Amino acid sequence: MMNRSIIFPAAWFLANLAVAQTGTDAVQDITPQALSTMQGKVQVIDVNEPDSYAEAHVPGAVRMEYDSITAAMLPPDHAVPLVFYCWSTECPAAATAAGSAIRLGFTKVYCMHAGITGWQDAGLPTEP
């Protein structure tokens with residue numbers, strides 16, 4: 001007989017993965033170039049470590065812990081577009097944080113998978 005402690009976490013993971021990838025409220029990918037044209041119209045959230053954020057971040061980005069996103073940390077209006085990013089394409093933290101925002105009821109959630117390194121590679125400005 002299969003252990004129930006294995007089945008339930010696996011089912012939870014698959015259900016949350018589906019929320020982040022399908023439906024009308026899915027996390028959308030955004031490129032650094034597209035984000036640069038939307039600045040001022042979206043809330044940008046950096047989920048890198050504090051020292052990485054201090055070194056360079058997207059102008060206007062606020063830093064949050066990727067695994068501790070709560071409704072109180074985000075805008076009260078769930079229609080405000082949110083953009084999450086982390087270090088690079090290899091970092092899953094931004095996607096995790098974006099999935100949390102979807103589960104909290106936000107409807108316009110983006111993930112800049114390129115991360116801050118992709119932003120810098122595109123020649124876009126950063127704040128120290």
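**Notebook: a buried aspartate and the sheet around it**

I began with D46, which is buried (under 20% relative accessible area, 1.4 Å probe, protein chains only) yet has no salt bridge. A salt bridge needs a side-chain nitrogen of Lys or Arg within 4 Å of a carboxyl oxygen of Asp or Glu. The nearest side chain of opposite charge to D46 is R63, 5.9 Å away; Lys and Arg count as positive, Asp and Glu as negative, while His and the chain ends are not counted.

I noted that this is a predicted model, where local features need pLDDT of at least 70, side-chain atom pairs count only at pLDDT 80 or more, and totals for chains, interfaces and linings use all residues. Residues are numbered from 1 along each chain as its sequence is written, and side-chain values use heavy atoms, with hydrogens and water left out.

What does the side chain of D46 reach? I found the backbone nitrogen of N48, at 2.7 Å.

Next I placed D46 in strand 2. Strands are DSSP runs of E, at least two residues, and helices are runs of H or I, at least four, numbered from the N terminus. Five strands form an open parallel sheet, ordered 1-5-4-2-3; strands pair if DSSP finds at least two bridges between them. Strands 1 and 3 stand at the edges with a single partner each, so one side of each lacks a neighbour in the sheet.

I then followed strand 2 to strand 4 and found four bridges. I45 stands opposite F84 there.

Both I45 and F84 are among the residues with the most contacts inside the largest nonpolar core, which has 17 residues. Such a core joins buried Ala, Val, Leu, Ile, Met, Phe, Trp, Tyr and Cys through side-chain atoms within 4.5 Å. Helix 4 gives the most to this core, six residues.

Methods: Buried means under 20% relative accessible area, exposed over 50%, partly exposed in between (1.4 Å probe, protein chains only). A polar contact is a pair of N or O atoms within 3.5 Å; within protein, one must be able to donate a hydrogen and the other to accept it, and residues adjacent in sequence count only if both atoms are side-chain atoms.
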